[in-house]
Amino acid sequence: MSRLDLLIVGGGPAGTAAAFRAKELGLEPLVIDYDDLMKRIRDYSKDKLILPGFGGADRVPFPRGGELVGCLVFEPIDKDDMCSRWKQLYREHGVAHEVGVELTGLAPLDDGGYRAVGWNHVTGCECSYQARHVVLALGRGVPRRFDVPGNTEGITYRLADPAALVGEPALVIGGGTSAAEAVIALSNAKAEASDPTAVYWSYRGDKMPRVSKALADVFFSAYVGNGNIRYYRRSEPVAVFTGDDRREYLAVRVDRRSIPNRPNEVELLEFPKENVVACIGEDLPRALLGSLGIEMVTGGPKAKQRMVVSPLLESCRPNVYLVGDLLSQAYFETDDFASDPAGFREVRHRGNIKSALRDGVLVAQVIQQRLAGKSEIDLEVAEADLPPPAAPVATPAAAPAADGPPAASLEPGREVEDAAAVLVRLLPTGVEAEEHTVRRHGVTTIGRHGCDLEFPSDSLLDDRHASISHGEDGYWVRDDGGASGVFLRVPPGRKRALGERDVLRAGRQFLLVERDEAGFVVAHYDAEGRLRGRHAVGAQPLLMGRDAPGAVLDAGDRSLSRRHLALAVDDGALTVKDLKSVNGTHLRVRSALRLEHGDQLRVGQQQLVFSRRRDEAIDDGASPGAAAPAAAAPAEGTAAGVTVAFRGAGGPLAVADGQTVCEVAEAHGLPINAECHSGICGSDPIRILAGHEHLAGEPGDQERETLEEICDLEPGPCRLACMVRVSGPVEVELIEPKE
């Protein structure tokens with residue numbers, strides 16, 4: 001029997017990386033797997049996209065090896081495509097592997113190697129291998145089971161095909177990322193099929209499960225847009241029983257009420273077993289590991305139970321290594337397995353594909369150095385040199401949906417000549433980055449791959465996410481079905497009409513427009529899709545924000561302004577006005593919206609500004625998003641004696657050239673709490689007591705509207721401090737903003 005350099009048990013990402021790197025280093029590896037190569041990835045939900053940024057692209061880089069390991073570097077990719085591509089690499093490069101072989105034991109050999117015993121499920125016979133080193137890349141492949149009465153066989157522990165659960169109510173149990181992904185996939189599948197049944201989400205915790213940041217927008221889109229997700233906290237499975245129809249059902253307790261002098265009452269929901277997806281986690285294959293002499297140990301500074309390895313990722317059994325999810329989410333590291341476990345070092349280990357690839361490359365390099373007789377082992381794993389993002393590739397113009405403007409074809413080579421607009425990407429700091437040309441008389445596509453504007457690292461973008469088309473009636477932005485949506489920033493200070501089912505985003509909060517018999521209502525959801533309340537809207541503006549008099553959305557959301565937006569009903573229509581909030585108010589694009597010069601779009605994680613070329617821009621004065629101009633500043637060299645006295649607060653105070661009354665108050669620490677400084681938010685009203693003749697100008701349209709609608713004050717006798725400049729002595733009174 002020939003001796004292998006290393007036997008790798010498990011054909012997932014860690015085992016694959018170990019085999020590929022070993023092959024590059026001239027070693028003889030063999031991969032065995034009881035099921036199939038990339039089984040874990042294969043079993044992800046249908047159409048799941050594998051994201052290289054998961055876990056933080058900067059914190060978990062791809063490892064660098066040779067050409068073969070370089071083929072494992074991936075951009076966002078469909079899970080089935082990844083499986084197919086990596087299996088093809090096994091075949092093309094002659095990496096030895098056997099599928100259907102289950103490891104059952106390890107027997108040490110005199111030279112430090114092992115005789116591995118297994119069972120071949122294909123031939124039905126026992127098999128054995130001799131190897132100098134053994135790499136265990138088993139993953140956490142043992143699904144946890146329900147501890148409830150009844151026959152739980154038939155309950156699935158992964159969502160293979162969401163379409164298979166269309167037509168009947170479906171239940172997802174669990175509170176992690178896999179459960180959230182299953183809920184989203186089922187919700188979208190039911191919505192696409194116009195299935196009236198809902199997705200029920202059961203979790204035993206007190207609060208709604210935390211949806212990861214990468215999924216937050218996608219989950220909210222399904223939660224609000226589809227309207228078919230029902231969440232039950234503090235719920236749990238009770239038992240499996242057989243119904244009168246001879247089907248087996250899982251009963252889930254969703255409510256329990258204690259009533260004085262009566263038995264407790266329990267509310268149950270019943271689901272056919274085949275409609276239940278239990279995303280309740282997986283356990284380590286502890287029985288198998290124990291039979292190999294590898295046990296978890298309680299130790300470390302917090303007395304936790306963990307797997308233990310050396311810095312080489314070698315277990316307590318010499319020349320046997322643990323990699324991948326066997327070590328997630330933390331493991332102990334030690335230089336002496338016989339020492340006190342309380343002194344073991346705890347190491348965090350991310351449970352993602354890139355981390356598993358790094359483990360595999362590291363162990364292969366360790367084994368190669370040991371076989372070469374080196375006593376000092378180099379543990380460095382270099383980072384892969386990733387190529388720069390590919391330049392955008394133009395795609396043929398596509399016909400837009402029927403509800404938008406017609407598209408016309410664009411002749412090759414005319415993009416620059418015919419371009420009449422650009423999209424400018426804004427950095428998070430608000431600084432303009434690069435420009436992207438928008439086609440004239442054609443369609444410009446935006447997405448992650450295969451589009452005119454590509455952002456490959458943006459995990460919130462679909463491959464084709466949005467598009468901008470141009471025709472005789474201007475430029476239109478369209479949502480092409482991107483899961484996280486397309487949002488248009490509402491220009492500050494301008495009212496915009498809203499329709500039923502429209503969605504607004506303010507900070508990390510979402511508002512859904514509804515209508516009942518009494519009129520318009522907005523439902524408030526937080527970033528995780530939890531309903532926080534409903535607010536009726538009438539003719540009197542409803543101010544909303546972090547500390548607004550009408551409705552406090554979330555006092556702890558620092559991305560909200562104190563007074564963020566105002567909703568009101570005008571002539572039977574609901575309108576929204578952004579009160580020049582710092583981060584803006586965004587309206588979700590439901591099908592297509594016409595773009596104006598200066599409009600800002602949020603697409604995935606990208607902030608884009610639509611800009612018309614100067615000769616194409618409509619010259620109608622201020623840009624659509626601009627606030628009304630402030631009153632003219634006094635000329636330079638204002639004479640001495642220009643002062644403002646604040647009744648009951650101090651003064652008279654000297655006014656420097658160009659200062660507003662608001663700036664004078666702020667400079668002297670007076671109790672004024674202005675926010676927008678543009679006459680929009682209405683947080684700094686004042687009453688003019690004396691010196692009207694020394695005011696520089698009359699209230700403009702924007703200031704008048706704010707005073708009348710937001711502050712409920714009369715323009716003239718009352719002003720907004722941020723809009724008033726003076727040319728002589730003036731006495732004013734601070735007015736408490738509307739509560």
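**Cores, cavities and backbone features of a predicted model**

Student: Leaving aside neighbours within four places in sequence, with which residues is phenylalanine 20 in contact?

Tutor: This is a predicted model. Contact here requires heavy atoms within 4.5 Å. With its neighbours within four places in sequence set aside, phenylalanine 20 is in contact with Leu68, Val69, Leu72, Trp86, Leu89, Tyr90 and Val95.

Student: Which residues have the most contacts inside the largest nonpolar core?

Tutor: In soluble globular proteins, nonpolar side chains tend to be buried together. The largest nonpolar core of this model has 69 residues. Helix α8, spanning residues 353-371, gives the most to this core, with nine residues. Inside the core, the most contacts belong to Phe20, Trp86 and Leu136.

Student: What share of the contacts in the protein with a separation of 6 or more comes from residues 24 or more positions apart?

Tutor: The protein has eleven helices and 48 strands, and buried residues make up 50% of its 739 residues. Among contacts with a separation of 6 or more, the share from residues 24 or more positions apart is 61%.

Student: Is glycine 174 buried or exposed?

Tutor: Glycine 174 lies in the loop between β10 (170-173) and α5 (177-192). Its C-alpha atom is separated by 9.4 Å from that of glycine 205, a residue 31 positions away along the chain. Because its relative accessibility is 7%, and the limit is under 20%, glycine 174 counts as buried.

Student: Which element gives the largest share of the lining of the second largest pocket?

Tutor: This pocket has a volume of about 360 Å³. Of the 21 residues that line it, Tyr331, His349, Ser355, Arg358 and Asp359 lie nearest its centre. Two or more lining residues come from each of β22 (329-333), β23 (345-349) and α8. The largest share, four residues, comes from α8.

Student: How many residues of the lining of the second largest pocket are charged?

Tutor: The lining divides by residue class, with twelve nonpolar and two polar residues. The number of charged residues is seven.

Student: Which element gives the most to the lining of the largest cavity?

Tutor: The whole structure holds three cavities of 30 Å³ or more, and the largest cavity contains about 60 Å³ of space. Among its lining residues are Lys495, Leu567, Asp570, Val576 and Glu709. Two or more lining residues come from each of β38 (565-570), β39 (573-578) and α11 (701-710). With four residues, the element that gives the most is β38.

Student: What is omega for the cis peptide bond that joins serine 328 and glutamine 329?

Tutor: Glutamine 329 has its place in strand β22. For the cis peptide bond between serine 328 and glutamine 329, omega is about -5°.

Student: Is lysine 580 partly exposed or buried?

Tutor: Lysine 580 has a positive phi of about 50° although it is not a glycine. This residue is found in the loop between β39 and β40 (585-588). Because its relative accessible area is 36%, lysine 580 is partly exposed.

Student: Is aspartate 712 buried or exposed?

Tutor: Aspartate 712 is not a glycine, yet it has a positive phi of about 60°. Its position is in the loop between α11 and β47 (718-720). Since its relative accessible area is 56%, and the cut-off is over 50%, aspartate 712 is exposed.

Terms used:
Residues are numbered from 1 along each chain as its sequence is written. This is a predicted model: local features need pLDDT of at least 70, side-chain atom pairs count only at pLDDT 80 or more; totals for chains, interfaces and linings use all residues. Side-chain values use heavy atoms; hydrogens and water are left out. A nonpolar core is a set of buried Ala, Val, Leu, Ile, Met, Phe, Trp, Tyr and Cys residues joined through side-chain atoms within 4.5 Å. Buried means under 20% relative accessible area, exposed over 50%, partly exposed in between (1.4 Å probe, protein chains only). On a 1 Å grid over the protein atoms alone, a cavity is a set of points where a 1.4 Å probe fits but cannot get out, and a pocket is an open set with protein on both sides within 12 Å along at least five of seven lines; lining residues have an atom within 4 Å of a point. Grid points are joined across faces, edges and corners, and a volume is the space filled by probe spheres set on the points. Ala, Val, Leu, Ile, Met, Phe, Trp, Tyr, Cys and Pro count as nonpolar, Asp, Glu, Lys and Arg as charged, and the others, Gly among them, as polar.
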